[in-house]
Amino acid sequence: MRDKIIRFMQGRNGPDDLYIFLFSIYMVLFLINIFVDLKFLDVIELIVIVLMFYRFFSKNIYNRNKENKAFLKIKRQTKNKFENIKNYFKETNYIYKKCKKCKATLKFPMPYERGIKKVKCPKCGHKFKMIVLRKQKVEVIKKKM
């Protein structure tokens, strides 16, 4: 039986990143649909499942790889946008901003006071204003005598 499945799957696309993303969308829709019984969610679930199986069993690997590469490009762009927001709250000594001209992510040291600061991109020389919303934390450690 195992050999038959292996022979059947030869030359087919199989699971990739887009398949996994579609599966996770299906699971989220399924869980929502358990609590909120809506007919259009059933239709969307069905469309997602058909698309998943079509991609999984497709023999046109070249087109499926093109679709997967386009998905990964969009995923990478989206991840980079949220990475700056994550770094803003995680890092307390630096501010991360994106240059509007060259799209480079810049790392600036935290200024001592709040307000609007003028900065210059070291890559392209583009000047822009940066809003600083928090002060740098200064700790004083007292020694016990």
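Phenylalanine 108 touches Asn93, Tyr94, Ile95, Lys97, Val119, Lys120, Phe128 and Met130, leaving aside residues up to four places away in sequence. Contact here means heavy atoms within 4.5 Å. The model is predicted: local features need pLDDT of at least 70, side-chain atom pairs count only at pLDDT 80 or more, and totals for chains, interfaces and linings use all residues. Residues are numbered from 1 along each chain as its sequence is written, and side-chain values use heavy atoms, without hydrogens and water.

Phe108 belongs to the largest nonpolar core, which has 10 residues in all. A nonpolar core is a set of buried Ala, Val, Leu, Ile, Met, Phe, Trp, Tyr and Cys residues joined through side-chain atoms within 4.5 Å. Buried means under 20% relative accessible area, exposed over 50%, and partly exposed in between (1.4 Å probe, protein chains only). Strand E2 (105-109) and strand E4 (127-132) each give two or more residues to this core. E4 gives the most, with three. Strands (E, at least two residues) and helices (H or I, at least four) are DSSP runs, numbered from the N terminus. A second, separate core of eight residues includes Leu18, Leu22, Met52 and Phe56.

Met52 and Phe56 are among the buried residues of H3, as are Leu41, Glu45, Val48 and Arg55.
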